[in-house]
Amino acid sequence: MQRRSFLKKAAVGASATAIAAPALAQSQPTINWRLASSFPKSLDTIFGAAETFSRRVSAMTNGKFNIRVFAGGEIVPALQVMDAVQAGTVEMGHTASYYYFGKDPTFAFDCAVPFGLNSRQQTAWFDQGGGRELLRSYFKDYGIVNFLGGNTGTQMGGWFRKEVKTVQDLNGLKMRIGGFAGKVMQHLGLVPQQIAGGDIYPALEKGTIDAAEWVGPYDDEKLGFFKVAPYYYSPGWWEAGPQLSFYVGIKEWEKLPKDYQAALEAATFEAHVVMQAEYDARNPAALARLLKNGVKLQTFSKEVMDACYKAAHDVMEEEASKNAKFKKIYEPWKRFRQDQTQWFSVAEASMQNYMINRARSGG
């Protein structure tokens with residue numbers, strides 16, 4: 001009798017568990033969002049970060065929270081992603097905040113400023129150095145919550161039809177270059193052009209522009225710039241560690257259940273790390289292929305770098321003197337950069353310089 005009673009209770013318990021599990025899952029709402037990207041599908045690293053993010057959110061919510069990713073131009077133009085999120089046209093965006101430099105130069109701190117932080121330092125500043133708090137406060141005025149959305153690592157200095165040996169060679173040059181760097185380059189006579197990634201090649205091919213920068217070897221090879229501009233320069237001093245961002249409309253964010261919010265934020269971190277790893281793994285082979293195809297790898301001269309550094313410093317100091325929002329972030333950011341530069345010079349730079357010299361000597 002006791003055995004039959006036990007089995008009966010066990011069966012009832014198992015049945016209750018089977019019913020409770022689906023009921024629990026059903027208690028969570030099904031939510032479908034749209035995400036507008038600033039990037040074309042052909043760039044699997046930078047566009048792919050949004051796809052990585054979307055897959056992880058769905059997996060962590062048992063398929064209940066689904067975010068469909070649209071490439072630049074499919075819903076809104078590539079450079080209007082922030083406006084679309086702000087207006088509620090889409091719930092989310094994936095973009096580079098310095099694209100909105102024209103609205104306010106302060107946006108650049110959420111991506112990259114000239115002679116700024118490298119990728120590790122940028123992540124450290126955002127996550128542990130007070131950057132998140134400063135930027136969230138700033139973005140609140142635009143109705144947006146911003147999240148880490150990837151990093152490319154230090155970018156290349158771009159593709160040029162002719163060599164750039166002196167500062168004078170920049171005078172009158174029409175170059176696709178975004179954000180803060182464009183304003184800095186204007187001080188040296190260059191004419192900046194802000195063009196979305198998918199539109200750069202035609203402009204370079206037709207001679208509408210004389211030079212263009214994008215990211216680095218892996219993406220640049222895909223975009224075919226080497227076919228129309230043979231000189232490939234480094235470094236991209238304006239993007240030492242450019243951070244991409246996910247934007248979420250504040251109203252939509254506040255509607256989400258707390259566990260969906262947690263899943264979304266965790267997925268942004270994963271996408272952020274994966275993008276950097278992909279670029280680091282793929283750039284060496286891509287550069288080797290470009291060199292094999294006759295690309296002429298160059299380094300900006302010290303004269304050019306020094307002139308750019310001075311121009312960048314002057315432009316940022318001038319902006320801080322007249323823009324309170326910019327200054328609020330610039331001052332603590334500048335101190336963080338100084339501390340990071342000193343620390344990285346102790347171990348990181350010493351180790352990397354040694355390994356670079358060994359590689360050059362064939363060791």
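Start by selecting residues 1-25. In this predicted model, pLDDT stays under 50 over that stretch. The model gives residues 1-25 2 contacts beyond four places in sequence. Now colour the whole chain by pLDDT. The mean is 93, and 93% of the residues reach 70 or more.

Next, the sheet. Show the strands in the order β7-β6-β8-β5-β9-β11. These 6 strands form an open sheet with mixed pairing. Which strands are at the edge? Select 191-193 for β7 and 296-299 for β11. Each of these two pairs on one side only.

Move on to two helices. Select α6, residues 179-186, and α11, residues 302-322. Their axes are 9 Å apart, and the packing angle is about 110°. An angle of 65 to 115 degrees counts as roughly perpendicular, so α6 and α11 are roughly perpendicular to each other. The crossing of α6 past α11 is right-handed.

Now show side chains at this contact. From α6, take F180, K183 and V184. From α11, take C308, A311, A312, V315, M316, E319 and K322. Colour them by class. What is the make-up of the contact of α6 with α11? There are 7 nonpolar residues, 3 charged residues and no polar ones.

Definitions and conventions: Residues numbered from 1 in each chain as written. Predicted model: local features only at pLDDT ≥ 70, side-chain atom pairs only at ≥ 80, totals over all residues. Heavy atoms only, no water. pLDDT = per-residue confidence, 0-100. Contact = heavy atoms within 4.5 Å. Axes fitted to C-alpha atoms, helices over the stretch in contact; angles between N-to-C directions. Helix = DSSP H or I, 4+ residues; strand = E, 2+ residues; numbered from the N terminus. Parallel < 35°, antiparallel > 145°, perpendicular 65-115°, else oblique. Left-handed = near helix turned anticlockwise from the far one by under 90°. Nonpolar A, V, L, I, M, F, W, Y, C, P; charged D, E, K, R; others polar. Pairing = 2+ DSSP bridges.
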